[in-house]
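Hi,

Here's the structure I promised to pass on to you. Have it open while you read, and follow along in the viewer as you go.

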Amino acid sequence: MLFNSFEYFVFLPLVILAYFSIPFKWRNPFLLFSSYYFYMSWKWEFGFLMLITSLVNYYAGLKISSSADRGKQRLWLTLALIVSLGILVYYKYANFFIAEGTALLHTIGFNIRQSYLNVILPVGISFFTFQALSYSIDVYKGKLHVEKDVVQFLLFVSFFPQLVAGPIERATNLLDQFKKEQHFSSDRFLEGSKLILWGLFKKVVIADRLASYVQQIYASPETYGGSTLFLATFFFAFQIYCDFSGYSDIAIGTAHILGFKLMQNFNLPYLATSIKDFWHRWHISLSTWFSDYVYKPLGGNRVSKPRWIFNILVVYLVSGLWHGANWTFIVWGAIFGVLYVLEHYGDKLLTKIKIDAFFYRSKFVHVLRVILVFTLALVAWVFFRAENMSDAWYIVTNMFTGWNKLPYLGSSAFETVLAFSLIILLYIIQILQYRGVVSIYMGSTVVPRYLRWAGYAMLMVMIAMFGISSAQFIYFQF
Amino acid sequence: MKPRLISDLENDKRWGRNILRASAFILLFILLDLTISLFMQTGIERFYGLKGDASVLMIGHSHLMLAVDKPQLEQETGLKVAKYTREGVNMADRKIMAEHYFSTCSDKPKTVILSIDPWLFSGEGLSSNSWLLFLPFMNNKNVNDYIKTSAGSRFDYYRYKFIRSSRFNALLLNASIRGWLGRWDNLKIGIVDTARYSDPESLRNFRPITFNSGLMNDFSSTLRFLKKENVQVILLNTPIWKPLIDAQRQEYEKSMYLIDSLAQKACPGAEIVDLVPQFSADTRLFFDPIHMNPEGQRVVTEEVGKYLIGIRREAAGMGKK
């Protein structure tokens, strides 16, 4: 069931109505049932995978907390990691490893017939696996009390608003919220609805409009010139942002109506002034997950410089691999890792030659930095979107040349111009957000109420007019 | 015992005020929806020349849209022209367009130029969503019936029915803006990329000519409808780039023969104006193998204008004696 489908807009009011009408003791079982129904509407078998991952982590948590022996605790944590990651690897990476392994064997002279596993990637498997694992690791580290209520734990892993594309919640934030009785609030209902509307606008009006152009160009990049390749990549940067942040907004808005607070997943990433800043603003729940469960356990920055560089590269490479079983994702992660390290040493150099104050305070340089970070992110997005490495390489090496010809404007130039105008509209709204004039995430705002409501009504009209319905969210495949 | 939700609402001090706000918001949305759709609708009607009194009506898809310039034709012939052309419409759609135009116009046209091409009976290649372009005219009975059968689900149908702005899309917004501005310009600037089509295989696969009996019936019934309306029918075959025709020469000939024989049966007075032999070899006139660029549009319009003046003169007894 997609957030941008008719079914969801029947499902959601029914869940809200029933949830607030039934006694508190039945609410979590009801939400659990609704969440599994939501997830199993894709393919019912997937529900069992999620159930296995959840139960293994639930049981491991119980065992870890009941044992005082650190060795046994480590054993249970390892078991949870092996089973959870084993399921993830089998469904997501097995065919990739088979292909790469066979190719390697071919290179060294072994002729083995390549045969792939016939598996379908379950939606959102990376998200619920990471969410479940964070619980076991936190219990093992003593950061979290064990959850004995199996229903609450299963609900924590499967909570439908954020189940298939995040934000990846921590047990420390979400689990306790299920223990508290929530009351219906009309204020919360309106605030959540506004966020859902904004998310829906970003998804069906902007992202899906950009998708058709991007798809056309990236399907056969070699037939297009540099300006067209650049435009397609520029569009993809906004397609993926609007698609994913749109999903997150709908998730946060839905949870807010039900009385739950999910973490913010995006904070104006294309206004970032450094790569580090970018990753503090993009897919925040995943960045912090990797920081807490990969980077810090590797030693973080309290290690030697070479080791620190190694830690950074590992985090970004794993992050790339998390997104998909393809070399393009790995290279995408590697690019960000390398840029992160270079930026770190670049900043040190600026401090050393004492021009850092100018560099950080000048408004002009601030704008230049935003443009530079965005351009570097564009190069990385090429690898994220391209079908394979050779396409990606062709695009990267051609997108900044051959600008003497106007870009191809797609089968409808008007559609392309409209898409571009929508990006400008989005940017204006984001700059207003950045300057604190408007607030999307339930904050205060200086815009008069009548103007805001007129804006929301206009968003609804634009969704009705320009909305392209029922396209899957990009991050579902991860 | 009261349901929890009821007691929650009783305790919610802002409930009443928020209901009022939500109601005001819904009213605002309805108002915006009506205003915007009215604006769009008016622009679209102007663009297509609907509800007008044109003496020449052109019906077709993108080939005709880009091949004939309405203002130039009006200037050269002194006749009022309505250009009801839409991207991707197949023969069934064109039939609906003809019926729609005649049910809305204030004065019947005397001449109808109906676009024909070798793909007239090919089901594939045109937009399967072309029915969406008819949504603004749901209030027309014929169009409404057509949409009812074309819409994917009942939900979609009623969404279009009740939320008027959902009847419009980017293409229709473009048409509406052009209608308000009175602009019919061909913006397909450039010349067909010959290198791209140098491989004969790519031309054969460009859009294969096939024959669908349902579309043949639609063609015949459109002609019968026009005959009943007692108008002069011109079947206009706009230029197609020669290498594309050569790639499917046999099918092309077969299609043109079928068009001719069906037209003679359904509407004996209909005349076929074939501009392919005259212009198809001139690559400079094409934006792509099937669409004219502005220069192509200019010369084709000139030719259509001459033809219209000729037949008008003949009809008025001023033709060559």
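Below is what I found in it, part by part.

One thing before we start: this is a predicted model.

**Chain A and its two domains**

Chain A splits into domain 1, residues 6-183, and domain 2, residues 188-477. Taken over C-alpha atoms, the centres of these two domains of chain A are 26 Å apart. Where they meet, 25 residues of domain 1 of chain A are in contact with 25 residues of domain 2 of chain A. On the domain 1 side, the elements that give two or more residues are helix 1 (6-21), helix 4 (70-107) and helix 5 (125-140) of chain A. If you sort the residues on that side by kind, you get 14 nonpolar, nine polar and two charged.

**Where chain A touches chain B**

Here 26 residues of chain A are in contact with 26 residues of chain B. On the chain A side, helix 1 turns up again, and helix 8 (186-219), helix 17 (413-434) and helix 18 (449-466) of chain A also give two or more residues each. Which of them gives the largest share? That's helix 18 of chain A, with 10 residues. The chain A side of this contact divides into 19 nonpolar, five polar and two charged residues.

**A helix to look at: helix 13 of chain A**

Helix 13 of chain A covers residues 327-352, which is 26 residues. At 1.5 Å a residue it should span 38 Å, and its end C-alpha atoms are 37 Å apart, so the two values agree. Which of its residues are buried? They are A:Phe329, A:Ile330, A:Val331, A:Trp332, A:Gly333, A:Ile335, A:Phe336, A:Gly337 and A:Leu339. Among the elements that cover these buried residues of helix 13 are helix 10 (275-281), helix 12 (305-323) and helix 15 (363-385) of chain A. Then, just after helix 13 of chain A, have a look at A:Lys354, which takes a positive phi of about 60°.

**The sheet in chain B**

Chain B has an open sheet of five strands in the order 2-1-3-4-5, with parallel pairing. Strand 2 (81-85) and strand 5 (271-274) of chain B are at the edges; each has a single partner strand, so one side of each has no neighbour in the sheet. On average, neighbouring strands of this sheet are turned by 20° against each other, direction ignored.

Now zoom in on strand 1 of chain B, residues 56-60. Five parallel bridges pair it with strand 2 of chain B. Across that pairing, B:Leu57 stands opposite B:Ala82, and B:Ile59 stands opposite B:Tyr84. Strand 1 of chain B is also joined to strand 3 (residues 111-116) of chain B by four bridges, and these two run parallel. There, B:Met58 has B:Ile113 as its bridge partner.

Is strand 1 of chain B enclosed or open to the outside? Five of its five residues are buried, so it is largely enclosed by the rest of the structure. In a regular strand, side chains alternate between the two faces of the sheet. For strand 1 of chain B, one side has B:Val56, B:Met58 and B:Gly60, the other has B:Leu57 and B:Ile59, and all of them are buried, which leaves both faces covered.

Note on methods:
Residues are numbered from 1 along each chain as its sequence is written. Chains are lettered from A and ligands numbered from 1 in the order in which they are written. This is a predicted model: local features need pLDDT of at least 70, side-chain atom pairs count only at pLDDT 80 or more; totals for chains, interfaces and linings use all residues. Domain bounds come from an automatic or database domain assignment. Two residues are in contact if their C-beta atoms, placed from the backbone, lie within 7 Å. Ala, Val, Leu, Ile, Met, Phe, Trp, Tyr, Cys and Pro count as nonpolar, Asp, Glu, Lys and Arg as charged, and the others, Gly among them, as polar. Two strands pair if DSSP finds at least two bridges between them. Axes are lines fitted to C-alpha atoms, for helices over the stretch in contact, and angles run from 0 to 180 degrees between N-to-C directions. The expected span of a helix is 1.5 Å times one less than its number of residues. A residue is buried if 20 or more other C-beta atoms lie within 10 Å of its own, exposed if 12 or fewer, and partly exposed in between; C-beta atoms are placed from the backbone.
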